[in-house]
Amino acid sequence: MLNRTTNDERITMAHGSGGKAMRALIEDLLVPTFNNSLLDTLEDQATIPLRELLQHGDRLAFTTDSYVVDPLFFPGGNIGELAVNGTVNDLAVSGARPLFLSCGLVIEEGFPLDTLTLIVEAMKHAADRADVSIVTGDTKVVEKGSADKLFINTAGIGVIREGVSIAATNAQPGDAVITNGFIGDHGVAILLARNELALEADVQSDTQPVHDLISHMLDVCSQIHCLRDATRGGLATVLNEYASASNVSIQINEPQVPIRESVRGACEILGLDPLYLANEGKIVAVVPYENAHELIKAMRDHPLGKHSAIIGRVNSSPAGIVILATTFGGTRIVDTLVGDQLPRIC
């Protein structure tokens, strides 16, 4: 149970002033909820012994991301879980073991303190699930109308295991393209949560940490060539990044791309392409073809990889182009996303 001593029901400008109210917010909510010895010191930084990092590998991975999703709560998650899982996944797709995160909060004046508590507790739950610690942070409050409720920034560090070299430039002709399950769930879940459309569907966001699945994959195949999580811009954007960076062509086969019927139906009604919808727990990997089937078998044994599939193959030409072989026997180019299908999706 949170030991909160402040009587404030809503965030005020005083909570960002550096005085007693801000200290109460930090000491009564953030420190006891995140609960770790590195944060407890309340220094301006977390001090991490290098020898602890070197136990996990030979290179440091460092990333940051900001979360402005609207609404803050949606089927399957909330902005707090998203902020932790997203940064954990950005580290994990480098082959790193995620270890430590920061938490930066930009809060609009008047934001309910009980809602902030729920979100902070969700961040702690997500951090525990990913086996990472939130060890430093910052809190700012802006005047009402200067922001939309709450924005969160999380930065993270992890350590890359020895012998792993993953990059978008590594795709080679003959490689297989694989994913760990249904795409487009997060994008449709956000649409449903906004209640802007007369749609009813049981679709949950797929927000989840994929570091353990990736560690399991690397145990089976240490030579994963490319690996990214398909967040904003979806599967199509990641594939175009690979094709451009590696100067290769990628062909995916429509019947093999896992898409739920509910997501496909929503896209047909709304005129959206599920290949461009955001995901928050789906990875897209390019691996040597000779390892692909063994890797898929191992992934399907993991709770986050039950619907893993080989969805395509890397070719030498036309370089920089992604092609979809359709269910009806035709082909079409899958270009890089122009504009934004759904703003503030994460």
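Because the model is predicted, local features need pLDDT of at least 70 and side-chain atom pairs count only at pLDDT 80 or more, while totals for chains, interfaces and linings use all residues.

**Stop one: helix H10**

Select residues 289-300, which are helix H10 (helices are DSSP runs of H or I, at least four residues; strands are E runs of at least two). The first and last C-alpha of H10 are 17 Å apart, close to the 16 Å expected at 1.5 Å a residue.

Now colour Ala292, Leu295, Ile296, Ala298 and Met299, which are buried (under 20% relative accessible area; exposed is over 50%, partly exposed in between, with a 1.4 Å probe and protein chains only). Look down the axis: the buried residues fall within an arc of 160°, so they line one face of H10. Glu290, His293 and Lys297 are exposed on the other side.

**Stop two: salt bridges**

The whole structure holds 14 salt bridges (a side-chain nitrogen of Lys or Arg within 4 Å of a carboxyl oxygen of Asp or Glu). Pick Arg97 and Asp131, joined at 3.1 Å, N to O. Arg97 lies in strand E4 and Asp131 in the loop between helix H5 and strand E5, so this pair ties together parts 34 residues apart in sequence.

Next, show Lys149 and Asp148, whose closest N and O atoms are 2.7 Å apart.

Technical notes
Residues numbered from 1 in each chain as written. Heavy atoms only, no water. Expected span 1.5 Å × (residues − 1). Arc of directions from axis to C-beta.
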